[in-house]
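I opened the notebook today to look up a few things in this structure. Here is what I jotted down, starting with a pocket.

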Amino acid sequence: MTIIEDNQILILLSQFIRMINKKGYIQFLCETLKSRISDLEVELDSIDDEIAKETKSSAGDKFETSREMMSQARARVEEQVSKIGNQIRTLKEIIPNSNTGIIAHGSIVETDKGIFFFGVALEKMIFENKTIYNLSMNSPIGQVFNGKSIDEAINFRNTAYNILNVE
């Protein structure tokens with residue numbers, strides 16, 4: 001082997017070592033979101049219990065206001081459950097082994113500024129000891145990354161990102 005071949009092998013190995021297990025990450029996100037739904041269902045049960053305990057007092061307006069506030073709280077929690085359910089469905093639609101090297105919905109992208117998952121908009125997560133920023137392809141930065149590939153550079157809000165790896 002020549003020195004050039006040795007360097008190419010080292011580069012390939014370093015890229016392989018850095019790659020995130022996409023299937024495992026999607027599963028991790030789904031489990032995290034399912035856990036959030038469970039927590040929200042407990043909250044819904046608690047709201048339902050409070051509504052059931054509420055008794056009509058002689059001050060009818062106070063009773064109606066209290067019930068209405070609890071109903072609104074229940075509606076907000078149900079909306080969160082629905083949103084999370086949609087995120088889980090979106091994640092399950094991603095084909096984990098489809099790697100074209102082109103950034104699209106479902107890509108994990110390693111840059112010199114961090115690792116991004118373009119699937120669903122969530123807070124950053126720690127997975128395999130790496131911080132991953134979860135964004136939608138419809139986000140402003142997702143639109144800039146869309147269609148790009150390894151070794152390209154993009155500019156977003158006066159910050160340059162060098163694309164090192166796409167999974």
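**Pocket entry.** I began with the lining of the largest pocket, where α3 gives the largest share, five residues. Both α2 (22-53) and α3 (60-92) supply at least two residues each. My list of lining residues includes Leu33, Arg36, Leu40, Lys83 and Glu123. By class, the lining holds five nonpolar, two polar and four charged residues. I noted a pocket volume of about 160 Å³.

My terms here: on a 1 Å grid over the protein atoms alone, a pocket is an open set of points where a 1.4 Å probe fits, with protein on both sides within 12 Å along at least five of seven lines, and lining residues have an atom within 4 Å of a point. The volume is the space filled by probe spheres set on the points, which are joined across faces, edges and corners. Nonpolar covers Ala, Val, Leu, Ile, Met, Phe, Trp, Tyr, Cys and Pro; charged covers Asp, Glu, Lys and Arg; the others, Gly among them, are polar.

**Source note.** This is a predicted model, in which local features need pLDDT of at least 70 and side-chain atom pairs pLDDT 80 or more, while totals for chains, interfaces and linings use all residues. Residues are numbered from 1 along each chain as its sequence is written, and side-chain values use heavy atoms, without hydrogens and water.

**Whole-chain entry.** I found four helices and six strands, running α-α-α-β-β-β-β-α-β-β from the N terminus. Helices (H or I, at least four residues) and strands (E, at least two) are DSSP runs, numbered from the N terminus. Of the 167 residues, 35% count as buried, meaning under 20% relative accessible area with a 1.4 Å probe and protein chains only; exposed is over 50%, and partly exposed lies in between.

Which residues of β5 (residues 153-156) are on the covered face? Ile154 and Phe156 are, while Ala153 and Asn155 make up the uncovered one. In a regular strand, side chains alternate between the two faces of the sheet. β5 pairs with β6 (residues 159-166) in the antiparallel sense over four bridges; pairing takes at least two DSSP bridges. Phe156 has Thr159 as its bridge partner in β6. Two residues separate the strands of this hairpin, and Arg157 in the turn has a positive phi of about 50 degrees.

**Glu152 entry.** Glu152 sits in the loop between α4 (140-145) and β5. Beyond its neighbours within four places in sequence, Glu152 is in contact (heavy atoms within 4.5 Å) with Gly147, Tyr161, Asn162 and Ile163.
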